Every structure is written in C-alpha cells, then in structure tokens.
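Below are some notes for a colleague who is opening this entry for the first time. Please read them with the view beside you.

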Amino acid sequence: MTIARVDRRPKRFPALSGATGGADRRDAPPRRRRGRNQLTALGFLAPLVAYLAAFYLYPLYRNLDLSLRDYTVRSFVAGDAPFSGWDNFSQVLNDPTFGPALRNTMVFTFVSIVLQYAAGLALAVFFNRHFRLATTLRALFLIPWLLPLIVSASTWSWMLNSESGVVNYALHLVGVSPVDWLTSPHWALASVVIANVWIGIPFNLVILYSGLQNIPGELYEAASLDGASGRQQFRRITFPLLRPVSAITLLLGLVYTLKVFDLIWIMTKGGPGDSSSTLATWSYQLAFGTLLPHFGPGAAVGNILILIALVFGLLYIRVQRRQEA
C-alpha cells in the first residue's frame, strides 16, 4: 500500500499589497503609460505637421505677404518691400483682363468637370458589366491620366495644329474646312477644354468605378424581378447610391481644374489675346511673364483663386453634413 506524502512545510503566499499592485498595473494603465502613448502619437504626427507647415502653410503665408506688399525685383531680393494693403487686389479687380480671365476660368472649370464626370460615369457603368477584356480596356483608358501633362499638352498642340494637325486632316477627309483651333479667339478656349476633358476622364472613371463596386448586386436583382428597366435601375439605384462618391469626385475635379496652368500655357499661352486666359495663367503672366514682373498683383490673383476653391470646399462640407444629419 502506498502512502501519499503530505508536504507539511508552510506555504509562502505573495504579499497582499504586491499582488494588488500588479493587478492595478494590468487593469488601469498609469499616467506614465498614457503620457508615453501621447508622445508616441505626437511622434507619428510630427512628420505630417512638418510637411504641411513647410509645403502648405508657409507658401500660403508668403503668397499672402506678397499680395499685401509692393514688391519689385530689388525689394523681393532684399526683403524690404513696403506694405501696400489691399492696393494689389484693387489693381487686379479693376484690370480689364480680370473679367475675361474670371469668365474663362468659370467656363473652363464648369464644362470640364461636367463632361469629365458624364463620360467617366458612362464608362464606369459600361465596365461594371464585367465582360471579356474589360480589365484590359479599363487599363488602356488610364493612359491619359498616367502621361506627364507636358506630353499630353504637346500632343494635343500637334493634333490641333491648323496646318499639319491630324484633326484638321480628318475634317478635310469628310469635306469640312480646316479650323484654327489654337489661333482663333472663338476656338482657343474650346481646344484647351477638349484636351483637359480627355486628361480628366480616367480619374472620374477610376473613382466612380470603385463606387459602383460597393453597391450590392442584390438591389439590381430585386429591381429586375420587379420589372425595372436598365434606365430605371440607374435612376433609382445607381445614381442615388453614388452621390457621396460623385460629390468628392466633383470637388476634387473642381480644385484640380481651377489650378490648371501648364496645359493652357503650352497650348495657347492664354491667347490669342485673352480668349483662353484663366486666373491661373494670368497670375503666372503677371508675376513671371514680363520683363518687369508684378509679384504683388500676381500673388493677389493666386489668392483669389485659392478663395474660390475654399468657398466650394466649404459648400461641399456643408452639403455632406446635411446629408449625414
């Protein structure tokens, strides 16, 4: 028969206070740990804050300072330009070029984003059917977006050339007289709009196609069982559910189109006359396009452009809050 041995040595228990203290450390993090977590979060935010301050806040401040002072080349280098207040803005608003530049900016922006959105939405709905070669064709549509803008602008300048352009050659084949696309005051703005629409369609296609992927397919199946046609499904399901994506697409397109400069400058330089001049090209022309640069008025035009974009951004935020409420 086996007799179990009983350990009669006194058992050692951890101190009650020590056990309680360990539980407290596990259950409730001390203030040191909280402070350490906050420092870690600030460390991750520091590069972003430094980037925004260096490449956004400081340039905005310098641009505002330029628009409120009477800068010349000498004072720009020396940094002793006298304060002029709102004189630069008054000079810009009273300039005969301001009206045509503002009108061209509004026409260029509005027509571009409407056509880009309409074409991008149509292509997104088309590619959402998942037919054969859909992926390949969708990738080919991204080429205008991936090309450097200077390449796209130079290509369109060659295509729309009055004498040797391929567009006029195609018009000649069908019996239409050639058009002075880039040298006619009636066609210059339309030419840069066509080129900008071609460049912006892929962006709208990608964003809207991604939005279509998030719409449940069961909604379309239920609508088909109820006898809804394709047009009714688009009007009742696709378009309403795409409103949040459409809003951000239009806002980004608006901000991008307002600041388009290089495309217009390469194709027409804002001419002939002021027929295709926008606020962006006029700002550059005032500041750098003459032998006697006007830094103050050029910066003032840039600030007006920023203000317009800010107003539309605030309107977008307000509309989004109303939809979410």
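1. Arg62 counts as partly exposed because its relative accessible area is 26% (buried is under 20%, exposed over 50%, partly exposed in between, with a 1.4 Å probe and protein chains only). The model is predicted, so local features need pLDDT of at least 70 and side-chain atom pairs count only at pLDDT 80 or more, while totals for chains, interfaces and linings use all residues. Residues are numbered from 1 along each chain as its sequence is written, and side-chain values use heavy atoms, with hydrogens and water left out.

2. Arg62 is paired with Asp65 in a salt bridge, and their closest N and O atoms are 3.3 Å apart (a salt bridge is a side-chain nitrogen of Lys or Arg within 4 Å of a carboxyl oxygen of Asp or Glu). Both Arg62 and Asp65 belong to helix 2, where 3 residues, about one turn of the helix, separate them (helices, H or I, of at least four residues, and strands, E, of at least two, are DSSP runs numbered from the N terminus). Asp65 is buried because its relative accessibility is 14%.

3. Asp65 has another partner: its side chain also meets that of Arg69 in a salt bridge, at 2.8 Å from N to O. Arg69 is partly exposed, since its relative accessibility is 26%.

4. How many salt bridges does the structure hold? The count is 3. Among them is the pair Asp80 and Arg74, whose closest N and O atoms lie 3.5 Å apart. Asp80 is partly exposed because its relative accessible area is 42%, whereas Arg74, at 55%, is exposed.

5. Tyr51 is one of the residues of a nonpolar surface patch, together with Leu39, Leu42, Leu45, Leu48, Val49, Leu52, Phe55, Tyr56 and Leu57. Together these residues have about 1100 Å² of accessible area, by the Shrake-Rupley method with a 1.4 Å probe and only the protein chains shown as cover for residues. (Patch residues have over 30% relative accessible area and no salt bridge; like charges are joined within 9 Å, nonpolar side chains of Val, Leu, Ile, Met, Phe, Trp and Tyr within 5 Å.)

6. The volume of the largest pocket is about 570 Å³. Its lining has 25 residues, and Asn63, Lys259, Gly302, Leu305 and Ile306 are the closest to its centre. (On a 1 Å grid over the protein atoms alone, a pocket is an open set of points with protein on both sides within 12 Å along at least five of seven lines, a cavity is a set where a 1.4 Å probe fits but cannot get out, and lining residues have an atom within 4 Å of a point; points are joined across faces, edges and corners, and a volume is the space filled by probe spheres set on them.)

7. Which helices supply at least two residues each to the lining of the largest pocket? They are helix 2, helix 13 (243–258), helix 15 (279–288) and helix 16 (295–324). Helix 16 gives the largest share, 11 residues. By type, the lining of the largest pocket divides into 19 nonpolar, 5 polar and 1 charged (Ala, Val, Leu, Ile, Met, Phe, Trp, Tyr, Cys and Pro are nonpolar; Asp, Glu, Lys and Arg charged; the others, Gly among them, polar).

8. The second largest pocket has a volume of about 330 Å³. Its lining is made of 15 residues, with Ala247, Leu250, Leu251, Leu254 and Phe312 nearest its centre. At least two lining residues come from each of helix 5 (98–127), helix 13 and helix 16, and the largest share, 6 residues, is that of helix 16. This lining has 12 nonpolar residues, 3 polar and no charged.

9. Pro272 sits in the loop between helix 14 (262–267) and helix 15. The peptide bond joining Gly271 and Pro272 is cis, with omega about -5°. Pro272 is partly exposed because its relative accessibility is 30%. Between Pro272 and Leu182 there are 7.9 Å in space, C-alpha to C-alpha, at 90 residues apart in sequence. Lys269 lies in the loop between helix 14 and helix 15; its phi is near 55°, a positive value in a residue other than glycine.

10. Val107 is found in helix 5 and is partly exposed, because its relative accessible area is 37%. Val107 and Gly35 are 72 residues apart in sequence, and their C-alpha atoms are 53 Å apart in space.
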